[in-house]
Amino acid sequence: MRNMSNKTDLVGKSPRATIKVKSRSLIIIGVVLIILAVIPQIASDYIIYVATIAMLYAVLAGSYDLTTGYTGPLTFCHGAFYGVGAYTSALLTLKAGFPFWVAFPISGIMVFFFGMIVGYPALRLKGHYFAVTTFFFAHFIYLVILNSQGLTNGPLGLRNISPPESILGISFKSLQSSYYLIFVFGIAAVVFLYFLVNSGIGKILVSIRENDELAEAIGINTSFYKVLAFSIGAGIAGLTGSLFAHFFRLLHPTTFAWMTSEMVVIMAIVGGLGTLFGPIIGAGVVTLILELMRFAPELRFIIWSVALIAVLIIEPGGLMGIAGRIRGGKK
Amino acid sequence: MSTILSIKKLRKEFGGVHAVDNVDFTVDRGIRLGIIGPNGAGKTTTFNMIAGAFKPTSGRIEFKEKRIDGLKPHKISQMGIGRTFQNVRSFKGLTVFEHVLAGNLAHNTRFTPKAEQYQEVENILEMTNLAEMRDVTVQNLTIAYQRRIELATALATKPELLLLDELMAGLTYVEIDKTLNLLRHINEEMGITLIVVEHVMKVIMELCMHIIVLNYGEKIAEGTPKEVANNPIVIEAYLGEEAEYA
Amino acid sequence: MVFQQIINGIIIGSSYSLVALGLNLIWSITDIPDFSQGGIYIIAAYTGYFAVKLANVPFPVAILLGMCAGAAIAFCFERFLYRRWTGKGRIQLLSAIALFFLLANLAILMWTAKAKFFPTYLPGSVSLFGFMVSYQRIVVLAVSAILFVLVYLFIQRTKIGKAIRAASQDREAAEVVGINMSTVYSMVFMIGGALSGTAAVLISPLYSVFPTMGELPLLKSLVVVVLGGFGSVAGVLVGGIGLGLLESLGAVYISAAYQHGFAFFILIIVLLFFPRGLFGKV
C-alpha cells in the first residue's frame with residue numbers, strides 16, 4: 001500500500017517534536033484559564049453548560065492526539081471509549097452502589113485495559129484496515145449499548161445518575177461546583193499529556209510516527225508503544241466519559257454514536273494533529289461555533305464536514321499549521 | 001578471535017524466486033567485512049534477514065552464539081545489531097539532535113533522559129561532524145547528510161555489529177574519504193564490527209579486510225580483497241554479459 | 001419461514017455485492033476505501049424516489065437516473081478532491097469519511113429524517129417453491145445479476161477494462177506501458193458510483209428511503225470487500241450473498257438485535273487471522 005507509509009501527511013509544514021510553550025503562548029493560556037475560571041461566576045447556566053462541553057471535548061481531542069497525532073495511526077473510535085467510560089461509571093454508581101470517587105478511577109482503568117485488548121490485535125492490521133476497523137468498532141459499541149436493554153436501558157437511556165459525593169467539605173450538587181471539578185480535571189489531564197508528550201516516551205512516539213520502520217530498526221518496540229498510546233488515550237477518554245455522566249446525569253446511546261468520534265477527529269485535525277494544543281484549541285473553536293449555530297442542527301454538521309475538507313485542502317496541519325506558516329517555519 | 005555472527009545455510013524465497021540460496025559465512029568480532037555482488041544478488045535481502053526485517057525461509061543466523069533468525073527487528077537491535085537502509089530512512093520532522101537522541105533513547109528509555117544521554121548524543125554528533133546541524137530539521141537536508149544522520153542514529157544505539165547498506169552511494173570522492181575515515185574510527189577505536197554492502201570498489205578495496213561475493217543468491221567467492229579481485233569467477237559474474245558480446 | 005429468510009438474505013446480499021463490487025474496484029486500484037459511496041447511495045436513492053414521485057418516470061428510468069447520479073457524484077469527488085492528495089492515503093480516507101458525513105447530513109437537511117415510501121412499481125408476486133416472492137424482489141436479483149455480468153465482461157473484454165486490470169496488478173508498470181491512470185481512476189470511480197446508485201434505487205421500494213440509509217450498506221459492503229478479496233468479482237459476489245444470508249438467518253436463529261453486528265464479527269475474525277485480508281493483497 002504505497003499510500004500508507006506516509007504518516008506525516010497530516011502534520012503541518014513545520015512539525016514540532018517537542019512543544020515549547022513560549023511566553024507569548026503562556027499569556028494566551030493564562031487568559032483562557034482565567035476566562036474559564038470566571039465563567040460560573042458571571043455567566044448564565046447555558047453558557048456554563050457549553051463551556052463544560054468544550055472542556056470535555058478538549059480533553060477528548062487532546063487524548064485523541066496522543067494516538068493519532070503523536071504515534072500515527074488514524075482512529076475513528078474515540079467516541080466509543082468516551083461512551084464506555086460514561087456508561088461504566090454510571091452503572092457502577094447506579095447499580096453497584098459504588099461512590100463516584102471509586103467509579104471514576106475504575107472507569108478510567110477499565111477503558112484503558114479495554115483499549116489494550118482492542119488495540120493489541122487491531123494495531124497489527126496493515127494499510128487502511130486499522131482505521132476502517134476502528135470505524136466498525138465504534139458502530140459496534142453503539143449497537144451493544146443500544147441493545148443491552150437489561151444493563152443500559154437501551155434507547156431509553158440512563159437517568160438519575162448521581163453527582164459526585166461531597167469531598168473535603170465541597171459539595172458537587174450545584175452546577176458551578178461540578179463545573180470546577182471538570183475544570184480541574186481538564187487542567188490535570190492536559191498537564192499530564194503535556195509532560196508525557198515532552199518526555200522520552202513522547203519522543204519515542206514521535207519517532208514511530210515519523211518512520212515506523214526506522215523506529216523498529218533502532219530498537220523501539222513499535223507494537224508496544226502504539227498499543228500504549230492507544231490505551232492511554234482510551235483511558236483518558238473513559239475518565240472524561242465518567243465526568244460527563246455525573247455532570248449531565250443522564251445518558252443516551254446516541255450521544256456516543258459514530259458522529260461523536262467523527263467530531264473528535266474534526267476537532268483534532270482543524271486544530272492541528274501532533275501538537276497537543278492544536279486539538280485542544282480545535283475543540284474549543286468547534287464547540288463554540290456549533291453552539292452559535294444551534295438553531296440549525298443539520299447545518300452544523302454539514303458546515304463541519306465542509307470545514308474538514310477545506311482544512312485538508314488548504315492546510316492539513318490545521319490551525320497550528322497555519323500559525324506555523326505565519327511564523328515562517330523552521331529553517 | 002571470536003565469532004560474532006554466523007550464517008548457516010541461509011535461504012529466502014519470494015514466491016519461487018530464490019533471492020538468497022544456501023549462503024554460509026561467519027564473521028569474526030572486530031573485522032570489516034564487505035559483501036559485494038551484481039544487482040539482485042541478494043545482498044540487501046541477507047541484511048534484511050540478519051536485521052529481522054525478513055524471516056528466512058530456512059537456515060540459521062546466530063549472533064554472539066544466540067539464535068536470532070525470525071526475531072523482530074527491535075529485539076535484534078536491542079541485542080546489539082545496528083543497520084542503515086539502502087534508500088535512506090529518516091525521521092523527517094525531527095531535528096538532527098532529536099534524531100540521534102531517538103537512537104539513544106530507544107536503548108535507554110526514560111521518562112526524563114539523563115544528562116549523560118544528552119552528552120552521548122553530543123559526542124556522536126561531534127564524531128560524525130553533525131554538531132553544527134544539530135537544530136536543523138532533517139527533511140531540509142540533502143541525502144548525503146541524511147545518510148550520515150542515519151549512521152549517527154545507529155551509532156547511538158551502541159551496536160556491537162553494524163550493517164551498512166550502500167552507505168556511499170552517490171557520494172563525492174571527498175565525502176567517501178571522510179566517511180571511510182569515520183568507519184575506520186568506528187571499527188578500530190570503538191571496536192564495532194562492520195559489515196558493508198557496497199558497489200563502490202574503492203570503498204571495498206580500502207576498507208574491507210574480508211569480502212564475500214554473492215551472485216543470484218549464492219555465495220560464489222570469499223577471501224581478501226586481493227584474492228577476490230583476481231578471482232575469475234567473480235570477474236565473470238560482474239562482467240559476464242559483456243564478455244559474451246566482446 | 002426459513003425459505004423467506006433465505007430469499008431475503010440473498011436479495012439484500014446481492015445489493016451488498018453490488019456496492020461492494022464498486023468499492024472493491026476503487027479500493028484495489030486507488031488504495032482508497034471510498035466511504036463516500038455510502039453518501040452517494042443515499043443521494044441516488046432520493047434521486048430515484050423524486051423521479052418516480054414527482055415526474056412519474058417508469059422504474060427502469062429511475063434506476064438509470066440513480067446510476068447516473070451515482071457516477072456523476074463519484075466522478076466529481078475523484079476529479080476535484082481525491083486527486084489532490086495522491087500519495088496521501090490518510091487524507092483521502094479522511095475526506096471520504098467527511099464526504100459521507102456531509103452527504104448524509106445534507107439529506108437530513110433537505111428531506112427531513114422521516115422515511116419516504118417508494119411507490120410500488122410492479123405489484124404482484126410469483127409463487128416459488130410454495131412461497132410468494134414479490135416481483136420487485138426478483139427484479140433486484142435480476143438487475144444485480146445483469147450488472148455483475150456486464151461489469152465482468154467490461155473488465156475482461158474492453159480496452160479500458162484491460163487497462164483497469166493492469167492497473168490493479170501493478171500501477172507503475174501500467175503507467176510505464178502508457179496507460180493513462182487518470183482515465184482509469186475516473187472510470188473506476190464512475191463504475192463504483194453507478195453501482196452504488198443502482199443498488200440504492202433497487203432497494204428503495206423494498207425498504208423505504210431515509211437519510212441514514214447509506215451507513216449500514218456501506219459498512220456491510222466494506223466487510224464484503226475484505227472478505228471477498230481485492231480484484232475478485234466472484235469473491236465479492238459470494239461474500240455479499242453469504243453475508244446477506246448470515247444476517248437474515250442469524251436474525252432468526254441467533255439474535256435479531258445484533259443482526260447488523262454480524263458483519264463486524266466477520267470482519268474481526270477475518271482480520272485476526274488474515275491481517276492482510278483474505279487474499280493477502282494489501
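How many residues does the contact take from chain B and from chain A? In this predicted model, chain B puts in 28 residues and chain A puts in 22 residues. On the chain B side, the elements that give two or more residues are α2 (73-79), α3 (96-107) and α5 (143-156) of chain B. Of these, α3(B) has the largest share of the side that touches chain A, with seven residues. Sorted by class, that side of chain B comes out at 11 nonpolar, 12 polar and five charged residues.

Next comes the contact between chain A and chain C. Here 35 residues come from chain A and 32 residues from chain C. On the chain A side, two or more residues each come from α5 (129-147) and α13 (297-314) of chain A. It is α13(A) that gives the largest share of the side of chain A that touches chain C, at 10 residues.

Where the two domains of chain B meet, 13 residues of domain 1 are in contact with 11 residues of domain 2. The elements that each supply at least two residues to the domain 1 side are α2, β7 (161-165) and α6 (173-188) of chain B. The largest share of that side, three residues, is down to α6(B). By class, the domain 1 side that touches domain 2 of chain B holds six nonpolar, four polar and three charged residues.

How confident is the prediction for chain B, on average? The mean pLDDT of chain B is 90, and 97% of the residues score at least 70. Within chain B, confidence is highest in α2(B), at 96, and lowest in helix α9 (residues 232-245), at a mean of 66. Over residues 241-246 of chain B, pLDDT stays under 50. For that stretch of chain B, the model has one contact beyond four places in sequence.

Key. Residues are numbered from 1 along each chain as its sequence is written. Chains are lettered from A and ligands numbered from 1 in the order in which they are written. This is a predicted model: local features need pLDDT of at least 70, side-chain atom pairs count only at pLDDT 80 or more; totals for chains, interfaces and linings use all residues. Two residues are in contact if their C-beta atoms, placed from the backbone, lie within 7 Å. Helices (H or I, at least four residues) and strands (E, at least two) are DSSP runs, numbered from the N terminus. Ala, Val, Leu, Ile, Met, Phe, Trp, Tyr, Cys and Pro count as nonpolar, Asp, Glu, Lys and Arg as charged, and the others, Gly among them, as polar. pLDDT is the predictor's confidence in each residue, from 0 to 100.
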